[in-house]
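Let's take a walk through this model together. Keep the sequence and the 3D view side by side as you read.

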Amino acid sequence: MGFPANGSSEKPLKFLIYGRTGWIGGLLGKLCESQGIDYEYGSGRLENRLSLESDIATVKPTHVFNAAGVTGRPNVDWCESHKVETIRTNVVGTLTLADVCRDKGLILINYATGCIFEYDAGHPIDSGIGFKEEDTPNFTGSFYSKTKAMVEELLKNYENVCTLRVRMPISSDLANPRNFITKITRYDKVVNIPNSMTILDELLPISLEMAKRNLTGIWNFTNPGVVSHNEILEMYRDYIDSSFTWKNFNLEEQAKVIVAPRSNNELDANKLKKEFPELMSIKESLIKYVFEPNKKKTAAA
């Protein structure tokens, strides 16, 4: 197929990024700028094959990144009533991009989701037994997750695709409404369940390095370990707002205020940790990348 073997690419890097208006897509552009990597945003629609071929012909990238997709606004409940739109982008679009990239001999770094699993008898809550890359998704409670699991299964057959299972993404930008921390600080009530999560400030630079190494296949793209809602909110109170309070409710009560059930799980991050031994545990990463930098800002204000 002509995909580069693992190792460094020979010609200068040039990244083609889809998802310019999205949170991760925007951050990827900033990262490329800070690292001096040449990049352009794709202007084509994912479901329009000709527009993707045109982008690739114009940009001549060494690697393609897909951070475009439908998560729904304000949340995944939107997908329940917009199923065709969700399929068009998350299924048809993603597969089309993977297929075009394969045709052109290009690796696609695909920011996917780990919200396709839920705790079960073999992976009990608080057991430390996480779902591995090769495990079959067992959560189809939301239409969003259902489409993402379908696509992951199909993309396994594309040897040019690197699938990154992101979960409950968090960044140091606490003003961003997409930030998991910001979301839960604004809810009236929160559940309290340990979960694997992705600290973007630490992991997005790792994804660029994965492209440089031409890594492919499925990767659990979360920090090792789990953290619960209450543990995050306790940190928020201790570092950011000492007067902050919150109320908990259980899954049965939560079910009454959401349309689709939500995924709760632990992903096994050993594969990523082996490739990147410097990867920090979720609680360490939260303190280093999110709470410490924001604490300094508030102290200086």
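The side chains of Ser-263 and Asn-265 are joined by a polar contact of 3.3 Å; that term means a pair of N or O atoms within 3.5 Å, where, within protein, one must be able to donate a hydrogen and the other to accept it, and residues adjacent in sequence count only if both atoms are side-chain atoms. The Ser-263 side chain also reaches the backbone oxygen of Phe-117, at 2.8 Å. Ser-263 itself sits in the loop between helix H9 (251-255) and helix H10 (270-275); helices (H or I, at least four residues) and strands (E, at least two) are DSSP runs, numbered from the N terminus.

A quick word on the ground rules. This is a predicted model, so local features need pLDDT of at least 70 and side-chain atom pairs count only at pLDDT 80 or more, while totals for chains, interfaces and linings use all residues. Residues are numbered from 1 along each chain as its sequence is written, and side-chain values use heavy atoms, leaving out hydrogens and water.

Now hop over to helix H1 (residues 23-35). Its buried residues include Trp-23, Leu-28 and Cys-32. Just after H1, Gly-36 takes a positive phi of about 70 degrees.

Finally, find the open sheet: six strands in the order S2-S1-S3-S4-S5-S6, with parallel pairing (two strands pair if DSSP finds at least two bridges between them). S2 and strand S6 (217-220) are the edge strands, each pairing on one side only. Further in, S1 and S3 share four bridges, and Tyr-18 has Asn-66 in S3 as its bridge partner.

Notes:
Buried < 20%, exposed > 50% of the residue type's maximum accessible area, 1.4 Å probe, protein only.
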